[in-house]
Amino acid sequence: MGLGPPFGYDFSRHGVHMKKTKLDRRAWMSGVGAAAAGVALGTTRVDADAAVTPPQAAQPATPFQPARHAQDEWFDKLPGKHRVILDVTSAEGSTWGIAYATNIYNASRTGYQIENVDLAMVLCLRHSATSFAFNNAMWAKYGKQLAEGSEYKDPTGAEPKANPRNTGERPALDGLIKRGAHFAVCGLATRRLAGMIAGRGNDSEAVLKELSENTIANAHIMAAGVVAVTRAQEYGYSLLHVG
């Protein structure tokens with residue numbers, strides 16, 4: 001009786017298994033070598049079945065939105081399909097501002113069938129035009145200083161006793177007010193006028209309060225006329241500088 005493999009173990013089968021193990025090991029080592037070579041060459045293997053993440057779309061920049069302040073809210077409360085602010089800075093400019101505002105009202109009606117209520121109209125009375133923002137009572141009381149403050153000279157040479165832009169049978173400013181116009185009044189220039197009226201060493205704050213309480217109708221005293229003009233544009237008003 002022949003002796004078979006010790007303990008009956010089939011060495012031939014073991015040999016086949018060892019060969020397979022050696023082949024698998026060589027294949028694995030070959031794969032590691034290829035991967036290492038890919039890293040060395042700066043390449044990356046991508047699995048065909050892997051999901052590809054699309055590039056992020058550029059986010060649009062947030063559009064600028066100006067800050068809002070309670071002092072400026074009246075600009076947004078005026079009714080109208082169109083908005084315009086006339087920047088008036090001098091005594092002569094005040095006559096042109098009134099004329100241009102009147103033309104805008106008239107031409108909008110005849111050319112576009114737009115009624116007065118459909119126009120948000122603001123005249124900014126600042127710099128030397130600020131004096132015309134005060135009523136006839138203030139001009140009767142402080143006409144000399146208000147005229148000097150606006151460099152206004154009455155054609156007759158007399159000292160004015162009423163607002164030159166709001167007197168007569170057809171007061172010009174009242175006419176615009178009836179059509180819905182509003183007025184932004186320079187607070188800095190108003191304070192300057194109060195100082196001129198009070199005189200050195202006197203209580204200019206009391207005069208400032210008096211002037212502020214005696215403006216023409218639809219007037220809004222602003223921190224400064226130049227601020228009012230810029231704020232109005234932030235609310236969508238078209239600017240027309242008069243002079």
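Colleague: Is Cys-124 buried or exposed?
Modeller: In this predicted model, Cys-124 counts as buried, with a relative accessibility of 0%.

Colleague: And how far is its sulfur from the closest cysteine sulfur?
Modeller: The closest cysteine sulfur to that of Cys-124 belongs to Cys-186 and lies 7.1 Å away, which is too far for a bond. A disulfide would need the two sulfur atoms within 2.5 Å, and Cys-186, whose nearest cysteine sulfur is that of Cys-124, is in no disulfide.

Colleague: What about Cys-186, buried or exposed?
Modeller: Cys-186 is buried, at a relative accessible area of 7%.

Colleague: How many disulfides does the structure hold, then?
Modeller: The count for the structure is zero disulfides.

Colleague: Switching to aromatics, how many pairs are there?
Modeller: There are six aromatic pairs in the structure. One of them joins Trp-74 and Phe-75, where the ring centres are 4.1 Å apart and the planes meet at 25 degrees, so this pair is stacked.

Colleague: Why does 25 degrees make it stacked?
Modeller: The pair of Trp-74 and Phe-75 is stacked because its planes are at 25 degrees, and planes under 30 degrees apart count as stacked.

Colleague: Are those two residues buried or exposed?
Modeller: Trp-74 is buried with a relative accessible area of 11%, and Phe-75 is buried as well, with a value of 0%.

Colleague: Which aromatic pair is edge-to-face?
Modeller: Phe-132 and Tyr-152 form an edge-to-face pair, with 6.1 Å from centre to centre and 90 degrees between the planes. This pair links distant parts of the chain, 20 residues apart: Phe-132 is in the loop between strand S2 (119–125) and helix H4 (136–150), while Tyr-152 is in the loop between H4 and helix H5 (172–179).

Colleague: How accessible are Phe-132 and Tyr-152?
Modeller: Phe-132 is buried, having a relative accessible area of 1%, and Tyr-152 is likewise buried, at 13%.

Colleague: Which residue lies over the face of Phe-132?
Modeller: Arg-165 lies over that face of Phe-132, at 5.0 Å from the ring centre.

Colleague: Which charged end sits over Tyr-235?
Modeller: The charged end of Arg-68 sits over the ring of Tyr-235, at 3.9 Å from the centre of that ring.

How values were computed. Residues numbered from 1 in each chain as written. Predicted model: local features only at pLDDT ≥ 70, side-chain atom pairs only at ≥ 80, totals over all residues. Heavy atoms only, no water. Phe/Tyr/Trp six-rings, centres within 6.5 Å; stacked < 30°, edge-to-face > 60°. Buried < 20%, exposed > 50% of the residue type's maximum accessible area, 1.4 Å probe, protein only. Helix = DSSP H or I, 4+ residues; strand = E, 2+ residues; numbered from the N terminus. Lys NZ or Arg CZ within 6 Å of the ring centre and 35° of its normal.
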